[in-house]
Amino acid sequence: MTTETETQTDGETETGTAVYVYGIVPSDVELDPEIRGVGDPPASVSTVASGPIAALVSEIPQDAPLGRPEDLSAHAGLLDAAAAELPVLPLRFGAVVSDVDAVKEELLDANQDDFTSALDQLEGKAEYLVRARYDERVILREIIGENDRMGQLADAIRGKPEEATRNERMALGELITQAIEAKRAADTQRVADALADLDVELAARQPTHDEEAVHLAVLAEVERQDELEDVVGELAKEWEGRVEVRLLGPLAAYDFVVTRTPE
Amino acid sequence: MTTAVQPSGGGGGLDRPSSSGLADVIDTILDKGLVIDAYVRVSLVGIELLTIDARVVVASVDTYLRFAEAVNRLDISDTEQKGLPDLLEDMNSGGAKAKTRGALEAAGDKLRDILGEDEEEEEPTGRGRKGR
């Protein structure tokens, strides 16, 4: 697994280098030489090209522990910055290949057609992420007000210690969880409907928080970002106090690239 | 290359950060994006740990109880808190209907200890306090 590769340090230490791959871009990309990537100190970033496509890479020590917050931010920041300007196929964090030849032959050459057509499809587009979270007090009041059974259970536990009302609490919590799931589905649909006119692709993500209202990836034309912001902003205004809405992006199209399953 | 994106609409409840926070980054780059073939990949220290699915939200007992407590806190702000006598009076409805084993039963036992009643009364544990 740990193939010894680059031989620049041969003779000095056992430590070889490996190539960290951030993503795939068209090969006519021009990189700012100041750009830095993962590692400590942050490694410089270069391209490995093959025909029309290129990989964004950094050479890193093979024994470098990756995964510090700085590494994660560097990976995302680099790809998101690129995605604002050109099509990018983002790789999941942690893609490390033995050497530059392997990047060229086994990653780029082996997948050239797929990568090229995927990049074509992303031309002019970037991912945006709508993340919204319920205000706990507001959503709980809303939910309990809509359901008599929950109102009764709320009365039953009022002011009593957890140990004395465990069953009521379990029942109430379960009903609330279900109600929030239903609200989440409805509110996510609400966002999707509002975005329909923008000619976007959508990919719903799993919620990452109990009170998440919307977690939706949107692939949109970068040129229509203003419209996107307006639409999401309208909803945020409507939901003010009830749901806190964030809009992230442009990001690399993490949710719209698919790894082909090997046959 | 810069990512700076200026908010265009201006306010109205929409939070429009110019870059993703670490939590957003983690949700995205550890879970999404292309995965390259395992045979091309080289193992690096720490990576395996990192790619463990970081997501939560499998509805759980903890979640239920947390929501219930949140409701309880909501109500407390509206109404007067009940005192100890009420608490003891209502205890029976709480302890008897356990439908989940383990923690719940343990809680029930603890409750019986506290109140010093139930059929286990004949077998005092010494740590129970008499409730009434």
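Colleague: Which does A:Asp199 count as, buried or exposed?
Modeller: This is a predicted model, where local features need pLDDT of at least 70 and side-chain atom pairs count only at pLDDT 80 or more, while totals for chains, interfaces and linings use all residues. Residues are numbered from 1 along each chain as its sequence is written, while chains are lettered from A and ligands numbered from 1 in the order in which they are written. A residue is buried if 20 or more other C-beta atoms (placed from the backbone) lie within 10 Å of its own, exposed if 12 or fewer, and partly exposed in between. With 11 C-beta neighbours inside 10 Å, A:Asp199 is therefore exposed.

Colleague: What is the phi of A:Asp199?
Modeller: Look in the loop between α6 and β7 (201-204) of chain A; helices (H or I, at least four residues) and strands (E, at least two) are DSSP runs, numbered from the N terminus. Most residues other than glycine have a negative phi. A:Asp199 is not a glycine, yet its phi is positive, at about 60°.

Colleague: Which residue does a cis peptide bond join to A:Asp40?
Modeller: Most peptide bonds are trans. Here is an exception in the loop between β1 and β2 (46-50) of chain A. Omega is about 0° for the bond that joins A:Asp40 to A:Pro41.

Colleague: How many other C-beta atoms lie within 10 Å of A:Thr116?
Modeller: You will find A:Thr116 in helix α3 (residues 112-122) of chain A. Beyond residues up to four places away in sequence, A:Thr116 touches A:Pro52 and A:Ile53, where contact takes C-beta atoms, placed from the backbone, within 7 Å. A:Thr116 is partly exposed because the number of other C-beta atoms within 10 Å is 17.

Colleague: How far apart are the end C-alpha atoms of helix α7 of chain A?
Modeller: An expected span is 1.5 Å times one less than the number of residues. Helix α7 (residues 225-238) has 14 residues, so it should span 20 Å. The distance between its end C-alpha atoms agrees, at 20 Å.

Colleague: At what angle do α4 and α6 of chain A pack?
Modeller: In α4(A), A:Ile139, A:Leu140 and A:Ile143 meet A:Ile176, A:Ala179, A:Ile180 and A:Lys183 in α6(A). Axes are lines fitted to C-alpha atoms over the stretch in contact, and angles run from 0 to 180 degrees between N-to-C directions. The axes of α4 (residues 136-145) and α6 (residues 166-195) are 10 Å apart, and the angle is about 100°.

Technical notes
Contact = placed C-beta atoms within 7 Å.
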